[in-house]
Structure formats: C-alpha cells, structure tokens
Amino acid sequence: MNPLLSRLQPYPFERLRQLFVGVTPNPAYRPISLGIGEPKHPTPEFIKQALIASLAGLASYPATAGEPHLRDAFRHWLQTRYGLAVDANTQMLPVNGSREALFAFAQTVIDPGKKPVVVCPNPFYQIYEGAALLAGADPYYAASDPARNFAVDWDGVPLEIWSRTQLLYVCSPGNPTGAVMPLGEWEKLFTLSDRYGFVIASDECYSEIYFGDEPPLGGMQAAARLGRADFRNLLSFTSLSKRSNVPGMRSGFVAGDAALIRKFLLYRTYHGSAMSPVVQKASIAAWGDEQHVIENRALYRRKFAEVTPLLSPVLDVKLPDAGFYLWAGVRGSDTEFARELLAQYNVTVLPGSYLAREGVGLDPRDGKPAGNPGSGRIRMALVAETAECVEAAQRIVQFVQSRSK
Ligand SMILES: Cc1ncc(COP(=O)(O)O)c(C=O)c1O
C-alpha cells in the first residue's frame, strides 16, 4: 500500500460524526444542519433541460481538453466577469468540479525529490492538505488573522519554508472565513512566487456569492492588473457548483499559465478525468447565463441579512465579504459548543478547530504557542432555506443565552 495514505487526516465530517457519538438531540426540535457546505438552492430548470437534451453525448468518449464550444464558454465568461483576454486553446481546461482539480494539480506540480512544501491557509479546505501529502510534500499552514478580516499572515511564513515551497493554495473568497484577498496581497504573493519559483493554485469557487457592491477580485484579474498578462505560475480554479447550484453535476474549469495547462492536460489524460459530453453541454448553458446567478446571489443576500443581525449580539460574527458561511467566535471550546447545541437544540454546526491545524512555533503577535486558529470558532453554512436558517439562528441565540446564565 502507498504509505502516504496513512498521513491523511480524517475528514471534518467524520470527526463531527465521532464527536456526536452518544449525543441524543433534543426530540422537541426538528433537526437543522448548518454543518455541511453543500448548496441547497434549486438547480435552474434550463440546466436540467440542457442535460436531458444532450443525452446523445453518452455514446462517445470525450476529449480531456473539452470541446471547443465549452472552452469558448469559459473564455467568454472570463472576459465578461473579469475583463480578461484568455486564449481558449492554450490557457484553460474543463475539470470535474474544482475539488478533483485542486487535488490533481498538486500531483502534476510537485517534484517529490526536493523536500517540497505546499503552503496553504489555516483554516483551510482539507483537500489542499491531502493533495500535498499524497504528492509527497509537507503542508505548511499559514494562519489567518481575525484582527485583519482573516487575512492570511503570509509575512509569518519563514524564509526556509518559502525556499522549499513548490505550490501555494489560496482560497478567495475563503472557506470558512469568507475573506476576499485584495490586490496588495496578490502583489505580495506574486513577488514571492517570482523569488522562490512556486506555483499558485487560486481556489475561487465562491466567487459569485458576495455581499458588497464589488464582485471579488480574481487571481488572474489581479495578475493582469499587475502587468502579468501571461499569468505565469498561476492557475485559477472556478466551479459551477455554488454559482449555479449544481454540486452534483461536477463541473468547473481551470485557467491561467499556458505552460501549467499543458502539463496538467498531460497528467489528466492519463488520470482519465475528461468531462462527460452531457455535462459539457449543460455547462455551456450554465456559463452562458448570468440571470440565475444574480437571483441566486440575491437569495443568499436576503438570507444573510436576516440571520447575521440575529447572531451578532451573542456571537463574535459579522457579515463576510463573500461565500455562504458565517465564521463565528464562541465562548469556550468549539467542540463542546457543537455537542451541547446538538443535544439541547438539535442544530448542527461544524467546530472551527476541525477546519484548521495547530500552528508551528510562536505567534509573532503575542509570543504564545501558535495554536489552532479555528479553535473557539464555529462554521455555519447558510445553505438551507431562509426560514430554516432563521430558526437555527433563533435556537442558537437561546442556547448562548442559557449558557451564559
Ligand atoms: C474552498 C472549496 N474549494 C473547492 C470546493 C470544491 O467544490 P466543487 O468540487 O464542487 O467545485 C469546495 C467545496 O465545498 C470548497 O469549499
């Protein structure tokens, strides 16, 4: 067996299951889960119809690079959303959801013979860690700073780590923090990438769910603004799952540096990760329509506008820049909070410590051991209908008030 498999950590939902062993949720309440970040708004009808209308595609093997119409749909979307000029033939590829691509990309990029490091934010999406470990790299976790809207403390990464770094994952808008990376931070990362030669994988799957007037800055958009029109050493990962409420369709794309795309295509050809022709057709329809995305965003905005003010008097929480999570500070242990909340009010939330790792060394801000930046926090995914999320929030308020008596 591959010995690296034993380095993989249990997934947060497995840990949640273990945490809840022996807990009997209060039967007076119906269960509400804010635990899993799976979109629950309905899939638009026209996407379902496009799938059904394309079933003839089942009769042929797809090309890994995708059909020209699909790549042109990506090109058009990048142009209208970010004002980018990207070559549909050399700078983009379809992927079966961003998750598999984020994983596979590390297998393409990492040279295991050189004590490689993969840097990722902390807290983070656990696929980055598994991708790093199975590629034979050591993950390094760079903590996000609550005092700076959860910006990652890139300055705290030691030079010895940067000098071994081959791949950096960034997540903007972030899961779970919702933070969007500003241009200045991108500039810092591009400078580091030029100096140390590492590749940046920019996970942007929440880019279309945002709460301010300005849509989140994309990695390639930042590169173009900073005069890096070739997107060197950068790949962006974009997905339909959250934008179009089709997590089950498994559809996204990557775009960026043509040299990286060429190698990734080679890897994917052997890995066998071509997108079904049926999904390709439905994806063309989904990328070509913005109306459903506007309506989806409006639904999240209304929901967050109702739920956040209910919770902010009792938890350390505010409206995030983007995404569909509230990342809230609680009093005491996050795991105890989650267990007791389930037992007393039948609401499931995810303990923040399950989404992060212990930091290395001392925290430069206070000189104390770096600790787990997710501990003392919970993640609430506001994916269910507004009424259900409001009811969960009301129960959480009662729970917090009863605890502080
Ligand atoms: C930060 C982040 N990246 C990537 C993904 C993967 O999404 P998909 O594979 O559906 O595109 C998720 C899913 O929850 C996520 O939270």
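This is a predicted model: local features need pLDDT of at least 70, side-chain atom pairs count only at pLDDT 80 or more; totals for chains, interfaces and linings use all residues.

**Salt bridges, strands and cysteines**

Glu-160 and Arg-164 form a salt bridge through their side chains, with N and O 3.2 Å apart. Glu-160 is partly exposed, at 46% relative accessibility. The pair is also part of a network of salt bridges that links Arg-7, Asp-138, Glu-160 and Arg-164. Side chains of opposite charge can pair when their charged atoms come close.

The structure has 22 salt bridges in total. One of them joins Arg-395 to Glu-391, at 2.6 Å from N to O. These two residues are about one helical turn from each other, because they are four residues apart in helix H13 (residues 386–403). Another salt bridge links Asp-230 with Arg-232, whose closest N and O atoms are 3.2 Å apart. Here Asp-230 is partly exposed at 41% relative accessibility, and Arg-232 is partly exposed at 35%.

Turning to the strands, E2 (residues 92–95) runs antiparallel to strand E9 (residues 252–256), and four bridges join them. Within this pairing, Pro-94 has Phe-253 in E9 as its bridge partner. Met-92 and Pro-94 point to one side of E2 and Leu-93 and Val-95 to the other, and all of these residues are buried.

An open sheet is formed by three strands in the order E10-E13-E12, with antiparallel pairing. Its edges are strand E10 (325–329) and strand E12 (350–351), each of which pairs on one side only. Two bridges connect E12 with strand E13 (residues 377–381) in the antiparallel sense. Across this pairing, Leu-350 is opposite Arg-379 in E13.

How many disulfides does the structure hold? The count is zero. For Cys-120, the closest cysteine sulfur is that of Cys-171, and at 10 Å this is too far for a bond. Cys-205 is in no disulfide either, and its nearest cysteine sulfur, again in Cys-171, lies 6.0 Å away. A disulfide requires two cysteine sulfur atoms within 2.5 Å. Cys-120 is buried, with a relative accessible area of 1%, and Cys-205 is buried as well, at 8% relative accessibility.

Key:
Residues are numbered from 1 along each chain as its sequence is written. Side-chain values use heavy atoms; hydrogens and water are left out. Buried means under 20% relative accessible area, exposed over 50%, partly exposed in between (1.4 Å probe, protein chains only). Two strands pair if DSSP finds at least two bridges between them. A salt bridge is a side-chain nitrogen of Lys or Arg within 4 Å of a carboxyl oxygen of Asp or Glu.
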